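Visitor: I have not looked at this one before. Can you take me through it step by step?

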Amino acid sequence: MSGLRVRPAEPADFPAVARLTVAAYEADGQLKGEHGYGEVLADVSSRAASGEVLVAVDEVADAVLGSVTFVLPGTPFAELSGPGEAEFRMLAVDPGAQGRGVGAALAQACVARAVELGCTALVICVRAGMADSAHRLYSRLGFVRAPEKDWAPAAGVDLLGLRLALTRG
């Protein structure tokens, strides 16, 4: 998508990131029956303090269209990354901007950041039954199932691990 730029989030972006993240998760049905996860998604300052929050911005409209949190193993928001791996979480695209390449741009920015840091792999987890469009996106980028990374943070919330091996140089 032309006019789309991915950059580190600034504190002024945090309210928009909180709003669009919660809206995207709600639109995808991922907050049904959840207790407290909406608050975690909306707490952008905590994510930014322990990882890198990236935003995709429509430069023409000067609007934040999506965001993602990039983290390294051992940090508070890391869930499944091990030594040499990076992960990203909470990739969200404003429901009104979905289908415009925003998610792909954010995921590709995380791949580039992991390569830049010399990581050997990038890992993510997706909710079982998540939208097919998300699974297609990750498959197109080269992510493959990593069943050893599967886990469940709560009863009825089954997360599937995906991994992208990275080559240096």
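**Overall layout**

Guide: Starting at the N terminus, the elements of the chain follow the order β-α-α-α-β-β-β-α-β-α-β-β-β. Helices (H or I, at least four residues) and strands (E, at least two) are DSSP runs, numbered from the N terminus. The radius of gyration of the chain, taken over C-alpha atoms, is 15 Å, close to the 15 Å from the globule rule (2.2 Å times the number of residues to the power 0.38) for 169 residues, so the chain is as compact as a globular protein of that length.

Visitor: What kind of model is it, and how are residues numbered?

Guide: This is a predicted model, in which local features need pLDDT of at least 70 and side-chain atom pairs count only at pLDDT 80 or more, while totals for chains, interfaces and linings use all residues. Residues are numbered from 1 along each chain as its sequence is written, and side-chain values use heavy atoms, with hydrogens and water left out.

Visitor: How many helices and strands does the chain have?

Guide: The chain has 5 helices and 8 strands. Along its principal axes, the C-alpha trace spans about 45 × 40 × 30 Å.

Visitor: What share of the residues is buried?

Guide: Buried residues account for 46% of the 169 in the chain. Buried means under 20% relative accessible area, exposed means over 50%, and partly exposed is in between (1.4 Å probe, protein chains only).

Visitor: On to the strands. Which strand does S1 pair with?

Guide: Strand S1 (residues 4-8) runs antiparallel to S2, and 5 bridges join them. Two strands pair if DSSP finds at least two bridges between them. Leucine 4 has aspartate 58 in S2 as its bridge partner.

Visitor: How many bridges join S2 to S3?

Guide: Strand S2 (residues 52-58) is joined to S3 by 7 bridges, and the two run antiparallel. Valine 53 stands opposite threonine 69 in S3. S2 and S3 form a hairpin with 4 residues between them.

Visitor: Are those strands buried or exposed?

Guide: Both are mostly covered: in S2, 6 of the 7 residues are buried, and in S3 (residues 63-71), 8 of the 9.

Visitor: What is the phi of aspartate 62?

Guide: Phi of aspartate 62 is near 50°, a positive value in a residue other than glycine. Aspartate 62 lies in the loop between S2 and S3, and it counts as exposed because its relative accessibility is 63%.

Visitor: Where does S4 come in?

Guide: Strand S4 (residues 85-93) pairs with S3 in the antiparallel sense over 5 bridges. Alanine 92 in S4 is the bridge partner of serine 67. Methionine 90, found in S4, has a positive phi of about 55° although it is not a glycine. With 4% relative accessibility, methionine 90 counts as buried.

Visitor: Switching to helices, how far apart are the ends of H4?

Guide: The end C-alpha atoms of H4 (residues 102-116) are 21 Å apart, which agrees with the 21 Å that its 15 residues should span at 1.5 Å a residue. That expected span is 1.5 Å times one less than the number of residues. The buried residues of H4 include Val102, Leu106, Cys110 and Ala114.

Visitor: What follows H4?

Guide: Just after H4, glycine 118 takes a positive phi of about 80°. Glycine 118 sits in the loop between H4 and strand S5 (121-127), and at 25% relative accessibility it counts as partly exposed.

Visitor: How many disulfides are there?

Guide: A search of the whole structure finds 0 disulfides, meaning pairs of cysteine sulfur atoms within 2.5 Å. The sulfur of cysteine 110 is 11 Å from the closest cysteine sulfur, in cysteine 119, too far for a bond. Cysteine 110 is buried at 0% relative accessibility, and cysteine 119 is buried at 8%.
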